[in-house]
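User: I am new to this structure and would like to learn how to read some of its features. Could you take me through them step by step?

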Amino acid sequence: MNKSASVDKAISVNSGHGSGASGAAPAPRLIAWEMSAACNLNCVHCRAAASVCRPEGELTLTECHEFLDDIAMLSPAPMLIMTGGEPLMRPDFFEILEYADKLGINKVLATNATLVTAEIAARLAANRVAAASVSIDGSTAAAHDAFRRSPGSFEESVRGIGLLKAAGIKVQINISVTKRNYADMENIFAAARGLGASAIHIFLLVPTGRAENMRGEEISAAEYETLLNWFYDKKRETGSEINLKATCAPHYYRIMRERAKADGVAVTAENFGMDAVTRGCLAGCGFAFVSSSGVVQGCGYMPVAAGNIRERKFSDIYANSEFFMKLRDLSLLKGKCGRCGYKKVCGGCRARALAETGDCFGEEPYCSYEPDKIY
């Protein structure tokens with residue numbers, strides 16, 4: 001894959017997406033790596049419940065190199081998302097980054113951008129970090145700072161975004177949607193465009209980590225429908241001008257097809273880009289998460305261990321772990337997800353099902369669609 005490839009170009013269901021009961025493994029195309037669970041902010045919705053102190057047991061530099069050696073051998077080459085916490089909190093971050101670059105690993109950075117300086121931005125660019133994602137969760141500094149529980153964080157993130165762009169690094173704006181900012185989405189979207197984002201991704205809240213304290217702040221199933229239909233309209237409106245993606249919202253891929261059919265538009269890559277050839281929940285099906293202590297999970301919101309890279313190579317865990325093979329088996333889906341005609345392109349959010357029902361194979365709790373086709 002080309003060094004400049006965006007995150008969105010790293011996933012395609014053409015290589016297989018676990019649509020049957022065989023549990024066959026599609027290639028891992030995106031790997032989110034929590035380089036450190038430490039963070040300088042204290043966000044109310046943090047999946048990692050991160051704090052300013054680095055926890056004990058994080059991977060050593062040698063273990064990081066061994067992990068990178070392993071994923072560098074994968075073909076096709078995956079995209080590595082360097083995330084946290086805040087990855088820049090790790091003292092040896094640039095040693096790890098430089099090693100990854102020497103191995104030719106495709107990489108992007110997930111950061112709050114508050115720690116970015118001109119020097120850091122230049123070093124990121126020199127080591128061919130293709131893009132950086134930064135979360136903006138309010139259209140005003142007051143709204144964003146309240147979400148982050150860090151006064152001044154909005155201004156610092158905006159400053160960091162400017163430095164990243166000045167260094168030639170594309171910036172993706174992430175928006176975590178809850179009842180707090182649902183009514184403000186139009187304004188947040190406009191603010192993100194005003195910051196010169198090359199991509200805008202909306203993330204639908206999964207109540208795990210510190211976000212467990214936000215139970216009840218998830219938008220309703222009806223609001224999901226409204227939001228994702230609004231997002232469809234935004235994608236059609238902006239076209240190729242800016243990349244838009246709905247994350248932790250697999251039912252968008254059902255809504256997209258419903259709307260496209262009503263509009264008389266074929267769901268092809270030409271008309272819908274990567275959305276036409278990807279699916280909703282990618283946990284274990286092209287995507288995996290590796291924690292700061294080496295635990296491999298379907299995604300960062302799904303605290304179920306498939307293995308640990310301190311004991312088995314990531315490549316082995318991803319391809320052969322029992323849990324990942326189950327995640328790829330759509331026949332295991334329960335409730336209306338199991339009988340839904342859209343399950344091959346949606347699959348429901350497995351992390352949200354786990355958080356709400358205790359069963360990651362349960363039905364998506366925030367989907368109002370009632371399937372009329374039984375599989």
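**Reading helix packing and burial**

Analyst: In this predicted model, helix 2 (residues 93-102) packs with helix 3 (residues 118-126) at an angle of about 20°, and their axes lie 10 Å apart. Since angles under 35 degrees count as roughly parallel, the two helices are therefore roughly parallel to each other.

User: Which residues of helix 2 and helix 3 make the contact?

Analyst: Helix 2 contributes Phe93, Phe94, Leu97, Glu98 and Asp101, while helix 3 contributes Ile120, Arg123, Leu124 and Ala126. Sorted by class, this contact of helix 2 with helix 3 has six nonpolar and three charged residues, and no polar ones. As a general idea, an α-helix has 3.6 residues a turn, so residues three or four places apart point the same way.

User: Is Lys336 buried or exposed?

Analyst: Buried means under 20% relative accessible area, and Lys336, with a relative accessible area of 9%, is therefore buried. Lys336 has its place in helix 12, and its side chain reaches the backbone oxygen of Tyr369 at 3.0 Å. Leaving aside residues up to four places away in sequence, Lys336 touches Glu363, Cys367, Ser368, Tyr369, Glu370 and Pro371.

User: Which residues of helix 13 are buried, and what covers them?

Analyst: In helix 13 (residues 350-357), the buried residues are Arg350, Ala351, Arg352, Ala353 and Leu354. Their cover includes strand 6 (199-204), helix 7 (221-238), helix 11 (322-327) and helix 12 (335-339). Just after helix 13 comes Gly358, which takes a positive phi of about 80°.

Methods
Residues numbered from 1 in each chain as written. Predicted model: local features only at pLDDT ≥ 70, side-chain atom pairs only at ≥ 80, totals over all residues. Heavy atoms only, no water. Buried < 20%, exposed > 50% of the residue type's maximum accessible area, 1.4 Å probe, protein only. Helix = DSSP H or I, 4+ residues; strand = E, 2+ residues; numbered from the N terminus. Contact = heavy atoms within 4.5 Å. Polar contact = N/O pair within 3.5 Å; in protein donor to acceptor, adjacent residues only side chain to side chain. Axes fitted to C-alpha atoms, helices over the stretch in contact; angles between N-to-C directions. Parallel < 35°, antiparallel > 145°, perpendicular 65-115°, else oblique. Nonpolar A, V, L, I, M, F, W, Y, C, P; charged D, E, K, R; others polar.
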